[in-house]
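Reader: I have a structure to go through with you. Let us take it one piece at a time.

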Amino acid sequence: MKRAIRKVAVLGSGIMGSRIACHFANIGVEVLLLDIVPGEPNEEEQKKGLDLKHPAVRNRIVNQALQSAIKSKPAPLYHSKSQSLIKTGNFEDDMQGIAGCDWVIEVVVENLAIKKKVFDQAEKYRTPGTLITSNTSGIPMHLMAEGRSDDFRKHFCGTHFFNPPRYLRLLEVIPGPETDPAIIDFFMEYGDRFLGKTTVLCKDTPAFIANRIGIFAILKVVDSMQKLGLSIDEIDKLTGPVIGRPKSATFRTSDVVGLDTLVKVANNLYEGLPNDEQRDMFKLPDIVKKLVDNQWLGDKTGQGFYKKTKSKDGKTEILTLDLEQMEYVPQKKAKFATLELIKPIDNLKERFAVLFSGKDKAGEFYRDAFYGLFQYVSNRIPEIADEVYKIDDAVCAGFGWEFGPFATWDFVDVEKTTRKMEEKGYKPAPWVQEMLEGGCKTFFKVEKGKKMYYSPQSKKYEYIPGTGGFIILDQIREDKVIWSNSGSSIFDLGDGVLNVEFHTKMNTLGSEVIEGLNKAFDLAEKDYQGLVIGNQGANFSAGANLGMVFMYAIEQEYDELDFMIRTFQNAMMRARYSSIPVVVAPHGLTLGGGCELSLHADQIQAAAETYIGLVEVGVGLLPGGGGTKEMTLRVSDRFIDGDVELNFLQQIFMNLATGKVATSAEEARDMFYLRPQDRITLNKDRQIADAKRAVMELAAAGYTKPVYRTNIKVQGRSGIAMFLAGIYGMRTGNFISDHDAKIAQKIAFVMNGGDLTSPAEVSEQYLLDLEREAFLSLLGERKTLERIQSIITSGKPLRN
């Protein structure tokens, strides 16, 4: 049966329900969001004379929950306009509305009796054959399906989203005992393609996969910390980005999520796992009990493992809990010799061997915490999953880890590490030894560009199902790289399509990347159909490499700077005026030069989570790689009957003058960084494949090289005057500094075509020359050099 999801009912509007509703709205699906009717009018409603019959009172809970979600950070919606797709109501008055829904998802409190009551109501109105699921984090499917109709049980399963649903990619799909297999297949496919999720098929075991392993990993970290006498600051240093995990690491994550949530899951696991060999690990440590007793639950109570306060001079200060004294103390910078050794190692995979061999407490911690985790996950096969990749996929997508436990085990030599684990009392499950004795030395391997996993059942490697539509560059790196230098690599994706990838720090655009781009254009124009510009790092590009710019500017080597900027502009223009179609695939941070490269593509294939903008004003510059020119061109194309659309011109000017960054690909459309023909990919794992397909479509349609533009309409002096008046007002009101005003004046000068006596049509090269001259003039300013030096010193991307 072919299914289409046009409308979804979300039953329950709490933190998860309201945000799940928002994510469905993100992809253009209508949503009916329902919740209970309050017991009585509140004080404010009573003052207005409203009683329990009034719709505002009856829908207060659901409406307040939805508005709270929409206002929350990070934002659950790609674009504020999507909230119009969400209609609210209550269980008593509006449950009949689910009859018109293709999917009903229950997201009420984790209480079986309450869930059953909601299902009683839903079954009265649900249309037979439509999907019905629960977002439960651990209640068994068979208990929820008990007593329901045959049609209900056939179409019922668990669909467990992780919070926040927009950002955490995991969707666990849990079949009930009588779920139609076709329903499970549908959810696995729909979650992947339409919701952008890593869908993981789970067994109906307590906490399923991600929470079972993730909570164990957290508690094992606490166990290892206590053994070695480490502090909270030290643990969060050791368990964050240094090992490919979120900046919030262990204890900051607990504060954000809420210690009560962690405690609830841990208690449920302890009660629900009488035969787990590590059951006692789910007993709450004394330090956790103390925090719970004190109601120090994290952000929701104002303090947890950390506490935000104000110092004597009024500045915000983060204090850390001293676990021995149970008092908050100033944070201490964690230092370990082992961490010093990995500073030169950018490749995360290569770091683990050094971390595990550390001779200090950091090395001891990594060995103890990971040995315990490796042992635990090996014993969960086949209890919670038959395949090792499911455990890694679930933990990575649900907890934001770059590498799961089995992949990490591979990085440190499975055979050698297994021997050391046994010496320390962490003997893994017997199937691991069988794997090694059978000549299989890793849990994963790549063959013919596809990832394979070791199956304990078949005792051989098998391809991971459902990944046929993915192009993962790391998996084809060995066989498909046809050219590379220190900052870029060119891949043959097959079917006449090349891909150029950056691999500099933060994927910044320096001379080696520009060389790679030009080489890719040359190769593609000679022997291929087209080119994709994309990578699978954390971010597409944080912009141009400012180090060389700063050096030449300090030495006042303006001829060198002029040549460098001209070379950069020319590379951007080749993306536009190459003889083959060029598709750029931005994702994550796409700033400055990364944005300029995207703007010049024939087509953009953006990830939904693309944060794109021209942020050069933050370092005292204007977009100098064609960005100012390109946005001026886009303003020109909006001229109506020969007249400029002033509101549009002002909007574009303000975006450049304030360095505004789009918070999603959808928002980037409003800022005109994405055009109508540009596309969005929900699942980032499919982005390169989607971009390749776009190149092939353009080529098959008879791609013709665009005509160089000489008809860009600009306003000249009259347009500059309009902007100068606004800039003067901003400066006199102390909203901007003298230097910010100078940058804004330069942007206005370029966007209006310079010192022209009347409106005129100019060429792209004319604007590029103006842009470059303005860029160079700003590099002569002390304030600009100070800002550039500050960014270089911080090592952080420029993001306004």
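Reader: Which strands are the edge strands of the open sheet of seven strands?

Author: This is a predicted model. The sheet is open, has mixed pairing and runs in the order β15-β16-β17-β18-β19-β21-β23. Its twist averages 20 degrees from one strand to the next. Each edge strand pairs on one side only, and these strands are β15 (481-484) and β23 (679-681).

Reader: Which helix lies across β15, β16, β17, β18 and β19, and at what angle does it run to β17?

Author: The helix covers residues 511-527. This is α23, and its angle to β17 (497-502) is about 180 degrees.

Reader: Which residue stands opposite valine 584 in β19?

Author: Strand β18 (residues 530-534) and β19 run parallel and are joined by four bridges. The residue opposite valine 584 is isoleucine 533.

Reader: And on the β21 side, which residue stands opposite valine 583?

Author: Strand β21 (residues 603-607) pairs with β19 over two bridges, in the parallel sense. Opposite valine 583 stands glutamine 603.

Reader: Which residues of β19 point the other way from Val582 and Val584?

Author: In a regular strand, side chains alternate between the two faces of the sheet. Strand β19 spans residues 582-585, with Val582 and Val584 pointing one way. All four named residues are buried, and those pointing the other way are Val583 and Ala585.

Reader: Is serine 598 buried or exposed?

Author: Serine 598 sits in helix α26 (residues 593-599). Beyond residues up to four places away in sequence, serine 598 touches Phe540, Val584, Pro586, Thr590, Ile604 and Ile612. Its relative accessible area is 0%, under the 20% cut-off. Serine 598 is therefore buried.

Reader: How many nonpolar, polar and charged residues are in the contact of α24 with α34?

Author: From α24 come Leu546, Gly547, Phe550, Ala553 and Ile554, and from α34 come Leu785, Ile788, Gln789, Ile791 and Ile792. By class, the contact has eight nonpolar, two polar and no charged residues.

Reader: How far apart are the axes of α24 and α34?

Author: Two packed helices are described by the angle between their axes and the distance between the axes. Helix α24 covers residues 546-554, and helix α34 covers residues 782-794. Their crossing is left-handed. They pack at an angle of about 145 degrees, with axes 10 Å apart.

Reader: Why are the buried residues of α14 on the same side of the helix?

Author: Helix α14 (residues 286-293) has Ile287, Val288 and Leu291 as its buried residues. They lie on the same side because they cover an arc around the axis of only 100 degrees.

Reader: What do those buried residues pack against, and which exposed residues does the face turned away carry?

Author: The buried residues of α14 pack against α10 (210-228), α13 (259-272) and β10 (316-322). The face turned away from the buried side carries Asp286 and Asp293.

Reader: How far apart in space are glycine 258 and tyrosine 703?

Author: Glycine 258 lies in the loop between α12 (251-257) and α13. It is buried, at 1% relative accessibility. Leaving aside neighbours within four places in sequence, glycine 258 is in contact with Leu297 and Lys300. Tyrosine 703 is 445 residues away in sequence, and the C-alpha to C-alpha separation is 54 Å.

Reader: Which peptide bond has omega near 5 degrees?

Author: Most residues other than glycine have a negative phi, and most peptide bonds are trans. A cis bond joins lysine 73 and proline 74, with omega about 0 degrees. Proline 74 is in the loop between α4 (60-71) and β3 (86-90). The cis bond with omega near 5 degrees runs from isoleucine 381 to proline 382.

Reader: Is asparagine 734 buried or exposed?

Author: Asparagine 734 is in the loop between α31 (717-732) and α32 (738-751). Its phi is positive, about 60 degrees, although it is not a glycine. The relative accessible area is 62%, over the 50% cut-off, so asparagine 734 is exposed.

Reader: What is the phi of aspartate 413?

Author: Aspartate 413 is in the loop between α19 (405-411) and α20 (414-423). At 40% relative accessibility, it counts as partly exposed. Aspartate 413 is not a glycine, yet its phi is positive, about 70 degrees.

Conventions
Residues are numbered from 1 along each chain as its sequence is written. This is a predicted model: local features need pLDDT of at least 70, side-chain atom pairs count only at pLDDT 80 or more; totals for chains, interfaces and linings use all residues. Side-chain values use heavy atoms; hydrogens and water are left out. Buried means under 20% relative accessible area, exposed over 50%, partly exposed in between (1.4 Å probe, protein chains only). The arc is that of the directions from the helix axis to the C-beta atoms. Contact means heavy atoms within 4.5 Å. Axes are lines fitted to C-alpha atoms, for helices over the stretch in contact, and angles run from 0 to 180 degrees between N-to-C directions. A crossing is left-handed if the near helix is turned anticlockwise from the far one by less than a right angle, and right-handed if clockwise. Ala, Val, Leu, Ile, Met, Phe, Trp, Tyr, Cys and Pro count as nonpolar, Asp, Glu, Lys and Arg as charged, and the others, Gly among them, as polar. Two strands pair if DSSP finds at least two bridges between them.
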